[in-house]
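Please walk me through this structure, taking the side-chain contacts, the aromatic rings and the packing of the helices in turn.

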Amino acid sequence: MKRRMLGLSLLALLALGLALPAMAQDSRVYVRVELWDVKRESWPAFVKDYEKYDLPVYQKLLADGVINEYGIDSATLHNPQGYTHSTWHAATSMAAFEKVQEAFDAAEKVRGEAEQAKLTAAFSGMIVKHRDYMLLIEAQKAKAGKLDKAYFYETSVAVKPGQGEAYVSYWNQHTKPIYEKLMADGVVLAYGRGREEITTDGEDRRGSWYVVADLAGHDKVQAAFRESWDKMTEEQRRARWASIREVTEMNSFRENMTRLIHWQITAQ
């Protein structure tokens, strides 16, 4: 959801933060996600500009408690209609996003009009297309820390009208326990579930995601879900598929994987 339904991928926490407190589960977090289709030759410059101009602003906002998360990632699977990178920041209230904008406006004033105009022109030359999302992460768990160079994997599906609560119930019963076990085992570094807070598309798309330090971790997660299905009887599997079809729109299932470049999150 990018966080990340979109684009949100996270770090080798194993080396940095396993002793830090975990974020509270089932907390409401708002995430502004910006999707960018960057010209291939501009990928390094796009990241370099983020690190030089945006990262210091986000770091201060995080230290001041205005936001509780920020990040940038890159797509691992590309398609002609897709995006190459995403950036995002998160807070526990919508009001915080005004303070984020004020901080970036102040940084622009410090640079001055001439330098800012030059930066804007250079940035515009990198971008093919762009769009934003405002997400609501209704449940998540992550260790507080700096999470870079890991993998973010998300599945999303369009939920039928009136079936939102049924989707949440299914996720809590069948998906969350597997994530919990894998996180306790150190395989999953973070996981969550969310949806659009401000709906800009016609469908009610819900996302479920997790972060692992490497693709070996991804293999372990997928194996855990396969094992959960293999343990069921044929009758139980048919009943499970029937419940899925009852809740979700046909042929709406999507997957997304990105690689974190920078991601920092703090406990709530």
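The side chains of T84 and H85 are joined by a polar contact of 2.8 Å, where a polar contact is a pair of N or O atoms within 3.5 Å, one of which, within protein, must be able to donate a hydrogen and the other to accept it, and where residues adjacent in sequence count only if both atoms are side-chain atoms. This is a predicted model, in which local features need pLDDT of at least 70 and side-chain atom pairs count only at pLDDT 80 or more, while totals for chains, interfaces and linings use all residues. Residues are numbered from 1 along each chain as its sequence is written, and side-chain values use heavy atoms, with hydrogens and water left out.

T84 lies in the loop between β2 (69-75) and β3 (85-91); strands (E, at least two residues) and helices (H or I, at least four) are DSSP runs, numbered from the N terminus. Because its relative accessibility is 7%, T84 counts as buried, a word that stands for under 20% relative accessible area, with exposed meaning over 50% and partly exposed in between (1.4 Å probe, protein chains only). Leaving out residues up to four places away in sequence, T84 touches W36, D37, V38, W43, D73, S74, A75 and H78, contact being heavy atoms within 4.5 Å.

The aromatic rings come next. Rings of Phe, Tyr and Trp (its six-membered ring) pair if their centres lie within 6.5 Å, and planes under 30 degrees apart count as stacked, over 60 as edge-to-face and the rest as tilted. By this rule there are 14 aromatic pairs. In one of them, Y153 and Y210 are tilted, with 5.1 Å from centre to centre and 40° between the planes. This pair links distant parts of the chain, since Y153 belongs to strand β6 (residues 151-159) and Y210 to strand β8 (residues 204-212), 57 residues apart. Both Y153 and Y210 are buried. W171 and Y179 form an edge-to-face pair, at 6.3 Å centre to centre and with 65° between the planes; W171 counts as buried because its relative accessibility is 2%, and Y179 is buried with a relative accessible area of 4%. Y153, W171, Y179, Y191, Y210 and F225 form one aromatic cluster.

Charged side chains also meet rings. The charged end of R240 sits over the ring of W229, 5.0 Å from its centre, where such a placement requires NZ of Lys or CZ of Arg within 6 Å of the ring centre and within 35 degrees of the ring normal.

The axes of helix α5 (residues 164-184) and α7 come within 10 Å and cross at roughly 145°, the axes being lines fitted to C-alpha atoms, for helices over the stretch in contact, and the angles running from 0 to 180 degrees between N-to-C directions.

V157 and Y167 are 10 residues apart in sequence and 9.8 Å apart in space, C-alpha to C-alpha. Apart from neighbours within four places in sequence, V157 is in contact with Y167, D204, R205, R206, T248, S252 and F253.
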